Every structure is written in C-alpha cells, then in structure tokens.
Amino acid sequence: MPAIVRKLAQRLGMLQHSFVGGVHPNMHKLSADCGIEDCDLSPVHVLPMKQHIGEICSPLVAVGDQVLRGQKIAKSEGYLSVPVHAPTSGRVVKIEEHAIAHPSGMGLPSIFIESDGDDTIDESLSPISDWANSDPTQLRERARMCGLAGLGGAVFPTFIKLVQDKRFPIETVVLNGIECEPFLTNDHRLMLEHAEEILEGMAILMHMVGAASGIIAIENNKQDAAEAMQLALDARSDMDDVAVMVLPTRYPQGSEKQLIYTLTGREVPAGKLPMHIGVLCQNVGTTKALFDAVVHGRALTERIVTVSGDALPNPANLRVRLGTSVRTLFARQGLEDFSGTHIVHGGPMMGERLKHPDFPVVKSSTGLLAMSSQFMGSAHTVEQPCIRCGHCSEACPISLVPNLLADQCRSDQFDKAASYDLFDCIECGACSYVCPSNIPLVHYFRYGKGQLALQRREQAFADASRQRSEARDARIEREKAEKAARRTRVRQTHAPKTDQAKADTDKPAAVDSGAAAVSKESKD
Amino acid sequence: MISLLYALASLGAFALVAGIVLAIAQKVFHIEGDPMVDRLDTLLPQTQCGQCGYPGCKPYAIAVASGEADVNHCVPGGERTMLQIADLMGVEPKDLEEEAAAPMLAFVREDECIGCTLCIKACPVDAIIGAPKQYHTVIADHCTGCTLCIEPCPVDCIDMLMKPELIEHWSWPLPDTKRAQLGHERREQHAGHS
C-alpha cells in the first residue's frame with residue numbers, strides 16, 4: 001500500500017496505526033524449526049574490549065591470571081559503557097589486538113582466555129530471588145555489573161534505559177520479539193523455548209521502571225511464538241495488563257521507533273528517546289539476559305546466534321559463549337571453504353559484510369550468515385542513474401527523501417544533507433532494497449554521516465586549540481606586564497634617597513593644591 | 001509648488017529618522033574587532049604551526065583579511081580550508097604550494113629528557129606538561145602536530161609519530177561504484193573553478 005494511502009486511511013480511522021514505508025523481503029527463515037543447540041566450548045575465547053555502543057573498557061586481568069566464568073575481566077571507563085566478563089573458566093594467555101566484526105577490518109584490544117574445560121562459575125554475585133521487593137536502583141546496578149547491552153544488535157548499554165525519571169514516567173514496557181530481518185530466528189526460538197523466563201524478565205523490567213502495562217510484539221510469521229508467549233502469560237496471575245500483539249510482517253518493524261508508533265500511535269521525536277514519550281522498549285534476548293542476571297546472578301557470557309545463509313549446509317540456532325571463533329561455528333554447521341562466499345555479521349539488511357570469518361562472537365552477534373555470490377547477485381556493484389521513480393521515498397520508514405540525500409552525499413554537500421535530516425536515517429536498507437537502479441543509498445548515507453562527524457570533530461579540536469592558544473598568549477602578556485611592574489618597583493626602592501624624599505614632599509603638596517582647588521570651587 | 005515642498009519635507013523627515021535609527025543601531029550593535037578576521041580564524045585548523053609564514057593562525061587570518069597574504073598558505077588546512085577562505089574573501093581559489101602531511105603527534109622519549117622546559121615554552125597550545133628537571137610529556141589529545149617543539153630540544157628527544165587510527169573515528173569510504181567516483185570528481189572540479 002503506498003504510504004500516502006496508508007496515512008489517509010489512518011487519519012480516517014480505517015486502519016490501525018502503522019509506520020510508513022517499509023518493504024516485504026523474502027524472509028528465508030531457514031532455521032525457524034531448529035531448536036537451540038548448545039555449542040561446545042572453544043579452546044580459546046577472544047574477548048574484544050568493546051562489545052557495546054559507548055566507551056571502550058580496560059582490562060582488569062593480566063597474562064597468566066586464572067579466571068572463572070562470569071568473572072569481570074574488563075571494567076568500564078565511562079558512563080556509557082558496560083564491563084566484559086570471562087565466558088568460561090581458564091587462563092588469560094594474551095592481551096593484544098584482534099580483528100572484530102567491523103566493516104573497516106580494524107581490530108580492538110582483546111583478552112584471550114584459554115579454556116580449562118571445567119567451566120567453573122564465579123559465584124560472587126548472589127541471586128536476587130525477591131526482586132519484587134528490591135530497590136530498582138539495586139537491580140539497575142546489577143544489570144550494569146552483569147554487562148547487559150541490547151542483544152537485538154544495537155548493543156546499547158541496557159542499564160541506562162532502566163531508570164525511573166519523575167519527568168518522564170514510563171507507562172508501557174514494549175517487549176520486542178519482532179525479529180524483522182530475513183534469516184534470523186534467534187529471538188523466535190528463544191520465545192518458543194524460554195517463554196516463562198522472558199515473562200519473568202519483563203515483570204522485572206516493569207518493576208524497575210514502574211510501568212503499569214506492557215505489550216509483547218510479535219510478527220505474524222511467528223504465530224507459534226505468539227501462542228507460546230500467550231500460554232505463558234495466561235499461566236501468570238500478576239501480569240493482567242500485559243498483552244501479546246501479533247503484527248503483520250513488514251521490514252523494519254523491529255526498529256524501536258517504528259514499533260512504538262505501530263503499537264501506541266505515538267511518535268518518538270527526532271533526537272529524543274522512547275523514554276520521553278513514556279515507553280521502554282527491550283529486545284526479548286536482553287530481557288532473558290536480565291532475568292538470568294537478577295534471578296540467577298549470572299553475567300552475560302553467552303547469547304543465541306542464528307548461523308544461517310544459503311551457502312551453509314546446516315542452518316542452526318546456537319547458544320554460543322562470547323568470544324567463540326566464527327570460523328569454528330561455520331565449520332560446526334558444515335562450511336569450511338569460504339571461496340565464493342560472503343560472510344555477513346547480523347542480518348542481511350543491516351549487517352556488515354566481512355572479508356574473513358576470523359573474528360569472535362560478541363554481544364551484537366544476532367546472526368552469522370554465509371551467502372553465495374549468486375545470492376548476493378550484482379546488487380550495488382553496477383550503479384545506474386536515478387530515474388526518479390520515488391520508490392525509495394515510499395519505502396523510507398522515516399519519510400526521508402533517499403535519492404536526494406544520496407545525491408548530496410555523493411557530491412560532498414554534507415551540510416545540505418544534514419539539513420534534510422540525514423542523521424535521522426536509521427540505515428535500515430529499505431531504500432537500497434527497492435532501488436531499481438541498484439544505487440547503494442545506505443552506503444552513501446554512511447559515507448555522509450562519517451564525513452560530517454569528521455568535520456565536526458575537527459572543528460571542535462580547532463576550537464579547543466584556539467582557546468588554549470589564546471589562554472597562553474594572555475598568560476604570556478600578563479607575565480610580561482608583571483615582570484615590568486616588578487622591575488619598576490625594584491628600580492624605585494633602589495633609587496637615590498634624595499629623589500625619594502623629593503617625591504614624598506611633592507605628594508602632599510599636590511594633594512593640598514587639589515584640596516585648595518576644590519575649596520575654591522565650592523566657594524565660587 | 002506646495003506639493004514639491006511637501007515632498008521635500010517628507011523625504012527630508014524620513015531621511016532624518018532613518019539617519020537617527022542607523023546611528024543608534026551602529027552604537028547598539030557595535031562589534032569589537034574585525035569580524036572578518038574572526039570568521040577567517042574559525043576556518044583555520046588552529047595548529048599554530050607557522051607553516052604559512054606567520055606566527056600563528058590568528059596573525060595569518062589578520063594578514064589575509066587585510067589582503068596582505070594569499071589564501072593558499074595554510075598547509076595543514078589543505079584544499080578544503082583554502083576553498084573556504086577564498087569563498088569568504090570572494091577571491092579566486094589558488095593551488096596549494098605544499099601538500100599537507102599526514103597528521104602527526106609529538107612524543108617525548110622520557111628517559112632521554114633532561115627537563116629543560118624549552119619545549120613547554122615552545123608549544124603554542126600548552127600541550128606539554130612538566131617542570132624544571134622533571135620529565136616532560138605531551139598530552140596526545142591536545143597536540144596539534146605543529147613540530148615547533150622539535151627545534152628547541154637540546155637533546156633531540158622528541159619524535160613525531162603517526163596519529164593512531166581509532167576504530168571509533170573510522171568512517172565509510174565513498175561507495176566503490178563508477179557513478180560515485182564520477183560524481184565526486186565533478187564536484188571537486190566544480191569547487192576548483194568557482
């Protein structure tokens with residue numbers, strides 16, 4: 001349905017709220033029927049010092065140290081950050097840079113842990129079974145200490161959102177079980193197999209932010225998951241104000257702002273957070289991790305990863321310890337030769353395409369896909385001229401004008417692109433997907449955003465340098481003046497006596513004459 | 001005749017009022033200093049390196065504003081800064097004489113430093129800390145890479161190192177398609193001739 005017709009229908013109340021635009025890619029949920037399997041421990045786990053959005057962590061352990069599973073091995077260096085934990089027990093063998101799942105191909109400092117096979121758990125965090133009577137700030141600290149970050153792929157530190165702010169009271173907690181990316185099935189399987197734990201986690205969330213109602217959002221291509229959640233919900237007596245909502249499948253419905261609009265009809269303003277309109281949105285995986293952190297006292301050391309793709313013989317959903325090598329995961333599912341294969345970290349719409357599989361599983365690894373070259377096709381290698389068909393504008397869930405923005409980014413008119421709200425783009429890839437001319441629109445936006453950020457950074461550095469330089473000049477001036485003043489003082493004290501006496505006698509005379517002048521004037 | 005007088009009187013009165021308003025506005029909105037110099041100064045990269053032949057960014061801005069210096073002397077600013085300055089001054093862009101070097105950082109080899117404080121005095125942005133007869137060190141985040149500290153050092157213990165590339169500061173390159181490259185080239189040509 002074209003965006004304008006949908007908007008009109010909504011105005012007339014003929015349709016439920018629904019975000020504008022979006023696309024219907026073939027979902028390829030190959031691993032939907034594969035139960036979650038436990039993946040064996042790796043001989044060596046590689047833990048990058050940053051697995052979240054925000055500031056990098058610094059190691060707390062040294063080479064040779066023994067660590068336990070769940071032990072904190074790196075601490076946060078700032079507010080927007082969460083610590084990193086050892087995924088299994090063993091010994092720290094080295095701390096050096098290692099490749100990560102990043103489009104630049106650059107690495108990050110990482111801790112290498114050699115597994116001892118015992119998998120001994122660090123018991124220092126006590127379970128909080130009576131969370132309902134616990135202080136929300138204590139639970140929030142627990143979420144931070146356990147290293148929770150959004151497991152839907154954005155890895156935003158979870159504890160930051162779990163706050164009770166009197167100015168913005170949270171009314172609704174939204175549980176995001178949409179999983180709108182093709183191929184990915186990890187949230188789907190988690191809801192099927194761990195519905196009770198997820199619901200308990202949701203109850204903890206609602207207690208922490210003081211929300212009265214909740215919505216569990218699931219797309220209609222996962223009816224079985226919706227039924228499982230409904231069943232678990234019916235079994236609980238304390239969650240009457242929580243409802244399971246099944247939404248028609250459309251990409252990018254799982255994007256936070258789009259989902260909130262679809263569910264509540266309220267839009268999150270540009271540059272604001274869901275909190276500002278009274279909504280908290282959490283991914284089901286993160287909610288399960290919060291349950292583990294609070295009720296079992298377990299840090300985030302594993303996650304569910306969908307290993308799939310058309311070039312992979314055996315797609316699966318695996319429970320993987322963080323730091324496991326991606327190459328071994330592919331090998332486990334029957335793929336060892338990567339020639340002619342593209343590796344994607346995340347989903348096919350938003351994930352990063354990587355050159356080699358030698359990087360570790362991190363908190364953001366929702367999926368690992370092996371795609372054949374034929375499947376990826378010629379997409380975005382032969383860019384044709386824009387024919388102004390307008391499909392990209394119709395598909396954009398933010399109502400931007402992608403073809404115009406791409407033109408501006410291509411010709412380095414970044415300020416203009418920013419004034420057309422380039423920074424509101426969520427990089428969902430819907431525009432690139434529908435473009436009949438194969439224009440890599442999102443790639444242009446990323447280029448533009450990066451260049452703008454660079455310019456702003458340089459400007460900020462120049463401003464700071466100017467301030468320091470001016471402060472230095474002022475200081476040098478002041479010191480010079482002080483020196484000159486001192487010199488004159490010294491000269492005066494060491495001056496010949498007669499001059500000094502003369503100056504002394506001169507002074508009162510001057511004052512007298514002044515006073516005389518004043519008295520003279522007053523007489524007149 | 002009367003209507004002519006009316007016209008003269010009304011226009012005269014209007015001119016008088018406008019004159020008073022302008023006189024007041026000039027007093028009220030008076031700006032200290034030369035606004036052109038400040039605007040030029042904000043365009044410059046503030047490395048204070050002196051490669052332009054002036055003792056810092058502000059002196060160069062003053063020289064450009066007065067028409068004494070050309071627009072193409074800022075080496076670290078590169079082509080972008082040159083184009084912005086030319087645009088602001090309303091003159092033709094000129095080719096840069098020197099290619100900007102990769103950004104560098106000064107680094108003091110501390111075990112060789114004798115603590116003479118000469119580099120501290122030379123640093124135009126106060127990015128070196130230390131005290132007499134104590135090791136000095138460069139605050140990497142503040143260093144502009146101007147190399148002014150190298151020359152005064154009596155024991156040659158300062159190195160210029162490549163600025164480390166941070167993953168947070170990495171940005172996507174232009175897409176690897178013909179049209180992308182073509183569009184970019186066209187834009188640069190256009191900027192070069194305007």
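At what angle do helix H2 (residues 35–43) of chain B and helix H3 (residues 57–65) of chain B pack? In this predicted model, the angle between the two helices is about 130 degrees, and their axes are 8 Å apart. Angles of 65 to 115 degrees count as roughly perpendicular and those over 145 as roughly antiparallel; H2(B) and H3(B) are therefore oblique to each other. The crossing of H2(B) with H3(B) is right-handed. On the H2(B) side, the contact is formed by Met36(B), Val37(B), Leu40(B) and Asp41(B), which meet Cys57(B), Lys58(B), Ala61(B), Ile62(B), Val64(B) and Ala65(B) of H3(B). Eight of the residues in this contact are nonpolar, two are charged and none is polar.

A helix pair was also examined in chain A. The axes of helix H2 (residues 136–145) of chain A and helix H8 (residues 284–295) of chain A come within 9 Å, with a crossing angle of roughly 110 degrees. H2(A) and H8(A) are therefore roughly perpendicular to each other. The handedness of the crossing between H2(A) and H8(A) is right-handed. Leu139(A), Arg142(A) and Ala143(A) are the residues of H2(A) that take part, and they meet Leu290(A), Ala293(A) and Val294(A) of H8(A). The contact of H2(A) with H8(A) holds five nonpolar residues and one charged residue, with no polar ones.

Chain B is divided into two domains, domain 1 spanning 35–89 and domain 2 spanning 104–167. Their centres, taken over C-alpha atoms, are separated by 25 Å. Six residues from domain 1 of chain B and seven residues from domain 2 of chain B make up the contact. On the side of domain 1 that touches domain 2, five residues are polar, one is nonpolar and none is charged.

The contact between chains was considered next. Chain A and chain B each give 23 residues to the contact. Within the side of chain A that touches chain B, helix H15 (residues 441–493) of chain A gives the most, with 14 residues. That side of chain A comprises eight nonpolar, eight polar and seven charged residues.

Several loop positions were then examined for backbone geometry. Most residues other than glycine have a negative phi, and most peptide bonds are trans. Tyr251(A) and Pro252(A) are joined by a cis peptide bond, with omega about -5 degrees. Pro252(A) belongs to the loop between strand E11 (242–247) and helix H7 (256–264) of chain A. Asp421(A), which is not a glycine, has a positive phi of about 65 degrees. Asp421(A) is placed in the loop between helix H13 (414–419) and helix H14 (430–434) of chain A. Asp421(A) has 14 C-beta neighbours inside 10 Å and so counts as partly exposed. In chain B, Thr117(B) likewise is a residue other than glycine with a positive phi, near 65 degrees. Thr117(B) lies in the loop between strand E1 (104–108) and helix H5 (118–122) of chain B. With 16 other C-beta atoms within 10 Å, Thr117(B) is partly exposed.

Two further loop residues of chain A were examined for their surroundings. Leu335(A) lies in the loop between helix H9 (326–332) and strand E15 (341–345) of chain A. A residue is buried if 20 or more other C-beta atoms lie within 10 Å of its own; Leu335(A) has 20 such neighbours and therefore counts as buried. Leaving aside neighbours within four places in sequence, Leu335(A) is in contact with Ala311(A), Leu312(A), Pro313(A), Phe330(A) and Ala370(A). One of these, Ala370(A), is 35 residues from Leu335(A) in sequence and 8.6 Å from Leu335(A) in space, C-alpha to C-alpha. Asp33(A) is found in the loop between helix H1 (3–11) and strand E1 (36–38) of chain A. Asp33(A) counts as partly exposed, with 13 C-beta neighbours inside 10 Å. From Asp33(A) to Asp135(A) the separation is 102 residues in sequence and 40 Å in space, C-alpha to C-alpha.

Note on methods. Residues numbered from 1 in each chain as written. Chains lettered and ligands numbered in written order. Predicted model: local features only at pLDDT ≥ 70, side-chain atom pairs only at ≥ 80, totals over all residues. Contact = placed C-beta atoms within 7 Å. Helix = DSSP H or I, 4+ residues; strand = E, 2+ residues; numbered from the N terminus. Nonpolar A, V, L, I, M, F, W, Y, C, P; charged D, E, K, R; others polar. Axes fitted to C-alpha atoms, helices over the stretch in contact; angles between N-to-C directions. Parallel < 35°, antiparallel > 145°, perpendicular 65-115°, else oblique. Left-handed = near helix turned anticlockwise from the far one by under 90°. Domains from an automatic or database assignment. Buried ≥ 20, exposed ≤ 12 C-beta atoms within 10 Å, placed from the backbone.
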